[in-house]
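Subject: Structure handover

Hi,

Here is the structure for you to look over. My notes on what turned up follow below it.

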Amino acid sequence: MIFYFSGTGNTRWIVQQLAEATGEELRFIPDEMKKDVMRYELKDGERLGFCFPTHGWQPPRIVREFIQKAKFIKTNTDCIFVWALTTCGDNMGKAMDILNRELAKKGLQAETLFSVIMPESYVCLPFMYTDTENREREKIEQARQQTQHIARIIRDRQRGIVELEQGATPRLFSYVIGQYFNKRMITDRKFTVDEDVCTRCGKCRKVCPVDNITGTPPEWLHKGRCTCCLACYHYCPVHAINYGSITRKRDQYYFNRREDQK
């Protein structure tokens, strides 16, 4: 099984390739969270993967909440191969340490760990921009090759492989900056829509992975669901959605956007 979360499609693209190469079943975490009972029986020899984008140098809150609420029933822990992968625009800090602390509460540990650099999608801070088109292509091609390598490792259940881009000061990013970011800046209250620009197409509502948008023009529910993945912003075909004022001067990105525009 591969449990995954994705907003703008980077992680989804990776896990689709991994599932095809390994024969593993994909399970989308927001869909799993809708179930009354999240109970998973882990058989001997099970390959169990957790894949997610790095949000503020930490795993997204929804990923941590899923692990906290899920029940993993195992007969032989030693025979379970647990691995994890995170996508990030630059580096991922100590996101895997945080993930493994949550897994430890369930008697699990991800021994084989990967980070994959993908095009940047977070644009809500003054120094954060999407990548140039050339840099997008470079990152995606490098990720394509890396994913083939990762698939072989997972298929062969190779334990203890750690290939992470943590950055120069990972503890500072994850435990100081990231702690503030994920506590204070993950909110839907800064999203706005320019109603004179909005075409009422409803795409933002359809692409929201946590069903946090209703109506056209869109209204955000303000119920604590939002992960600030920015799917609503990036997928809007007329750039009618913004997060505060800063994104009015930012570009948009979602996986395969360039192909969709052709």
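Start with helix 1 (residues 10-22) and helix 5 (residues 133-155): their axes lie 9 Å apart and the two pack at an angle of about 40 degrees. Keep in mind that this is a predicted model. The crossing of helix 1 past helix 5 is right-handed. On the helix 1 side, the contact uses Trp 13, Ile 14, Gln 17, Leu 18, Ala 21 and Thr 22. Helix 5 answers with Ile 140, Ala 143, Arg 144, Thr 147, Ile 150, Ala 151, Ile 154 and Arg 155.

Helix 3 (residues 61-69) and helix 4 (residues 95-104) have axes that come within 9 Å and cross at roughly 15 degrees. Angles under 35 degrees count as roughly parallel, so helix 3 and helix 4 are roughly parallel to each other. Helix 3 also passes helix 4 in a right-handed crossing. From helix 3, Val 63, Arg 64, Ile 67 and Gln 68 make the contact. Their partners in helix 4 are Ile 98, Leu 99, Glu 102 and Leu 103.

Now the surface. Leu 172, Val 176 and Ile 177 form a nonpolar patch there, of about 240 Å². Val 176 sits in helix 6 (residues 170-184).

Two backbone details are left. As background, most residues other than glycine have a negative phi, and most peptide bonds are trans.

- Which peptide bond is cis? The one that joins Thr 216 and Pro 217, with omega at about -5 degrees. Pro 217 belongs to the loop between strand 10 (213-214) and strand 11 (219-220).
- Which residue has a positive phi although it is not a glycine? That is His 239, with a phi of about 55 degrees. Look for His 239 in the loop between helix 8 (231-235) and strand 12 (241-243).

Best wishes

Notes: Residues are numbered from 1 along each chain as its sequence is written. This is a predicted model: local features need pLDDT of at least 70, side-chain atom pairs count only at pLDDT 80 or more; totals for chains, interfaces and linings use all residues. Side-chain values use heavy atoms; hydrogens and water are left out. Patches are made of residues with over 30% relative accessible area and no salt bridge: like charges are joined within 9 Å, nonpolar side chains (Val, Leu, Ile, Met, Phe, Trp, Tyr) within 5 Å. Accessible areas come from the Shrake-Rupley method with a 1.4 Å probe; for residues, only the protein chains shown count as cover. A salt bridge is a side-chain nitrogen of Lys or Arg within 4 Å of a carboxyl oxygen of Asp or Glu. Helices (H or I, at least four residues) and strands (E, at least two) are DSSP runs, numbered from the N terminus. Axes are lines fitted to C-alpha atoms, for helices over the stretch in contact, and angles run from 0 to 180 degrees between N-to-C directions. Angles under 35 degrees count as roughly parallel, over 145 as roughly antiparallel, 65 to 115 as roughly perpendicular and the rest as oblique. A crossing is left-handed if the near helix is turned anticlockwise from the far one by less than a right angle, and right-handed if clockwise. Contact means heavy atoms within 4.5 Å.
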